[in-house]
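Hello,

Here is the structure I promised to pass on to you. Have a look at it first, and then read my notes below.

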Amino acid sequence: MASTMGRKLQKLNRRAFLAGTALCLSGTLAAAQMKVADLRGSIDSEDLGLLPNAASDQTAQFQNAVNRAVERGRALFLPAGTYPVANLRLPAGTLIVGVPGRTRLVYQGGGGQLVRAEGVSNIGLTGITFDGANRSIGDFTEGLLHFIGVGNVVLDNCEITGSSKMGLLMDRCSGRVENCRISGAAEAGLRSNEATGLAITGNTVTDCANGGIWVHRWREGEDGTIVSGNRVERIGARYGGTGQFGNGINVFRANSVMVSNNRVADCAFSAIRSNAGSNVQIIGNSCLRSGETAIYSEFGFQGAVIANNIVDGGTIGISIANFMDGGRMAVCTGNLIRNIKEDGPYPPEVAGFGIGIVVEADTTLTGNVVEGAPKIGLMLGWGPYMRNIAASQNIVRDCGTGIAVTVVEGAGSAVVTGNIIQGARSGAINGYRWLEKTTGELDNTSEFANLTIHGNQIAA
């Protein structure tokens, strides 16, 4: 009798908990655009036979609970505990709520994956830990969680850990990933392909073997993903290479992406790397201890704004490059670059390492501060690849050469005015033919008709 009464009280207490916490969770769910006012009418998974901390595989029970909740138009509540599952399929309208840090779905392996949703809409996952347990994932997917063509998918306050491939993979999706923690992925923590309106905000991505947050497209085009307020740390480059991997935030062929106010530290290559991403904005980020170029806008891009970033550590602070491949049109302003080193993760190529800022075509370079670049503070052009560079109001201090400007035949125009250069050990403003310094100090020069250099302040 006492035992029966205890079970009834336990059930009543759980339902009271659901009602009592409904108002607390309603803000999160409203933010997830699920249009659920609260959890008062949600279904407790135990009522559908799904038990936490069961020793046996719970996949069938879990799938049944999800399906029944969707059929009834209800949220599914998962009490704290461990749920051993695999190959879950989420139908349209799925809304699952767990206890943050205590509701754990543990992948059972077997060459499958943990969660998949395809061609549906309105998926919401809140307060759930997805643990891949480093078990094998099938060849048909690259992610522990894989969403394909899902409209309005929202992950909020979730954790994704221990994936033997990528942690979270999203193909042609819209929605939001926010306030989540992704760690221990054997490849990238989060990869989006051809997003249709995605925001990646306020997440922590750490200790992933090949990449942090990737915003990619199979073909170049408008993407518009927002990557803001994330913390990305300790990203490796297990597959090696010269920058394809090992980047904290990587944009590839995706146009109109905003990368703002992120903290990115201790990446094997770049903190933020945009390859062929036009109209990219890289603004207000903190980039610490990068293994190679801290911030990159490279190859066939047209349009980049790189502003108000802090770069502390790296082999090149900021590179806006590859005019020969169509890379052009940028604003580089208000950045602070310091503690640049000459030793990189591979033998130096092209201009090498130890440079503060590199620019090539149709670019204004204004109001930046560069300190301690051992080779060159500001590098304007490369060989004949320079056009329409305006470098003004910059401060360059304690560098090798302060400002290096290409004087190779065929190079376009550059204006270098109003800069302050102090403590340049190898010259304040010099002309270079590729890597060879071929002029003395340049100021008010008439030798090169394409260069206007005047009004710079040079101090010992």
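Predicted model: local features only at pLDDT ≥ 70, side-chain atom pairs only at ≥ 80, totals over all residues.

Where does N279 sit? You will find N279 in the loop that links strand 25 (272-275) and strand 26 (280-283). Its backbone is worth a look too: N279 has a phi near 55 degrees, which is a positive value in a residue other than glycine.

E194 also has a positive phi, about 50 degrees, although it is not a glycine. This residue lies in the loop between strand 16 (188-193) and strand 17 (198-201). Is E194 buried or exposed? With a relative accessibility of 9%, E194 counts as buried, because buried means under 20%.

Now turn to V259, which belongs to strand 23 (residues 258-260). V259 has a relative accessibility of 1%, so it counts as buried as well. Which residues does V259 touch, leaving aside those up to four places away in sequence? They are V227, I249, V251, I272, Q281, I282, I283 and N285.

Happy exploring, and write back with any questions!

Best wishes

Key:
Residues numbered from 1 in each chain as written. Heavy atoms only, no water. Helix = DSSP H or I, 4+ residues; strand = E, 2+ residues; numbered from the N terminus. Buried < 20%, exposed > 50% of the residue type's maximum accessible area, 1.4 Å probe, protein only. Contact = heavy atoms within 4.5 Å.
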